[in-house]
Amino acid sequence: MDSSGSGARVVLVTGAAAGIGRATALAFAREGALLLLVDLDPAGLEHTHADIIATGGRARTYPCDVADADAVQALADRIRAEHGGLQVLINNAGISANGAFLDTDLSVWRRQLEVNLLGAVHCCRALIPLLELSPGRARIINVASVAAYFAPRDMSAYAASKFALLGFSESLRAEMASRGISVSVICPGIIDTGIHQRAHFAGPVDAAQRRRDLNLRRHAGRAYPPEKVAQALLKVARHGPALRPVAPEAWLLYYLKRCCPGLLAMLERRRHTD
Ligand code: NAD
């Protein structure tokens with residue numbers, strides 16, 4: 001392993017076809033890692049792959065739905081056969097849902113939990129045996145959200161999935177320490193990616209459209225690029241902290257939640273969403 005701690009490693013990134021996953025894959029590839037790119041969007045995967053190869057990097061693509069436990073196990077079997085082991089697992093694939101609790105269908109709840117929480121669980125179950133082959137070097141990094149420690153209104157399903165991902169990660173970190181695998185969580189903040197356009201908005205069509213437009217206006221001009229999250233992920237892969245907020249608002253909400261949770265809850269109750 002090189003001194004930066006990221007070269008000559010096999011690094012698997014889920015959700016690598018777009019946004020934070022794509023930027024992360026490109027950043028690790030630039031540092032010399034072999035990238036295993038996982039996503040359910042094959043065309044997006046090919047795009048990330050082509051860009052890594054064009055810059056002299058190394059990568060393989062693995063189309064896979066992380067919500068499908070059997071497909072993830074088959075993926076792990078293939079990776080064992082093709083690469084032997086794995087040093088870094090980045091559970092980044094995620095989807096977002098927005099809308100009032102009573103307007104949100106159970107099918108939306110299930111998909112949020114299946115992708116955002118169980119996707120990481122499936123990958124950890126299937127891939128920890130491969131990570132264990134590199135004790136002391138092995139890393140799991142779960143991409144959660146500010147919504148893992150501060151739950152905004154009208155995002156109950158998303159917040160539940162991310163709070164659960166944080167709890168899962170904290171428990172797993174304690175358990176994996178003796179096996180030489182470090183487990184970290186990264187909480188980005190509001191990042192300029194396509195997730196905001198792709199988000200599910202529950203409720204009557206007009207209201208959902210208004211909330212979508214409002215949401216996009218709020219995020220427009222935010223200009224905090226996924227590449228900055230990728231840089232934070234490189235650092236997390238080096239140092240293995242338990243939790244790392246990234247953007248300024250992620251740090252602010254992290255401290256506010258600890259210092260004055262009542263004030264934060266009151267502001268959130270008063271916030272208009274449409
Ligand atoms: P994005 O929509 O740009 O990219 C997500 C990628 O995940 C897509 O390529 C998508 O195809 C893939 N994906 C979705 N479901 C999948 C599945 N079941 N199996 C495999 N791949 C799947 O989103 P992003 O903004 O880059 O988000 C990445 C992660 O960061 C998510 O977990 C998200 O919750 C988290 N996050 C994003 C933001 C933000 O503001 N963008 C903020 C906080 C946390």
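A residue is called buried if its relative accessible area is under 20%, exposed if over 50%, and partly exposed in between, with a 1.4 Å probe and protein chains only. Helices (H or I, at least four residues) and strands (E, at least two) are DSSP runs, numbered from the N terminus. The model is predicted, so local features need pLDDT of at least 70 and side-chain atom pairs count only at pLDDT 80 or more, while totals for chains, interfaces and linings use all residues. Residues are numbered from 1 along each chain as its sequence is written, and side-chain values use heavy atoms, with hydrogens and water left out.

**Strand β1**

- In β1, 5 of the 5 residues are buried, so the strand is largely enclosed by the rest of the structure.
- In a regular strand, side chains alternate between the two faces of the sheet.
- On one side of β1 lie Val10, Leu12 and Thr14, and on the other Val11 and Val13; all are buried.
- Strand β1 (residues 10-14) pairs with β2 in the parallel sense over 5 bridges; two strands pair if DSSP finds at least two bridges between them.
- Within this pairing, Leu12 stands opposite Leu36, and Thr14 has Val38 as its bridge partner.
- Strand β1 also runs parallel to β4 (residues 88-91), to which 3 bridges join it; here Leu12 stands opposite Leu89.

- Strands β2 and β3 (residues 58-63) pair in the parallel sense over 6 bridges, and Asp39 has Pro63 in β3 as its bridge partner.
- From β2 the chain crosses through helix α2 (residues 42-54) to β3 in a right-handed β-α-β crossover. Right-handed means that, with the strands pointing away from the viewer, the path from the first strand over the helix to the second runs clockwise.
- Another right-handed β-α-β unit is made by β1, α1 and β2.

**The ligand and its surroundings**

- The ligand is surrounded by 30 residues, the closest being Ile20, Asp39, Asp65, Tyr158 and Thr193; a residue belongs here if one of its heavy atoms lies within 4 Å of the ligand.
- These residues divide into 16 nonpolar, 9 polar and 5 charged. Ala, Val, Leu, Ile, Met, Phe, Trp, Tyr, Cys and Pro count as nonpolar, Asp, Glu, Lys and Arg as charged, and the others, Gly among them, as polar.
- An N or O atom in the side chain of Asp39 is 2.7 Å from an oxygen atom of the ligand.
- A backbone N or O atom of Asn92 lies 2.8 Å from an oxygen atom of the ligand.
- The protein covers 95% of the 820 Å² of accessible area that the ligand has on its own, an area from the Shrake-Rupley method with a 1.4 Å probe.
- The elements giving two or more residues to the shell are α1 (19-30), α4 (106-131), α5 (156-176) and α6 (195-198); α6 gives the most, with 3 residues.

- Asp154 has a positive phi of about 60° although it is not a glycine.
- Asp154 is placed in the loop between β6 (138-143) and α5, and at 18% relative accessibility it counts as buried.

Note on methods:
Polar contact = N/O pair within 3.5 Å; in protein donor to acceptor, adjacent residues only side chain to side chain.
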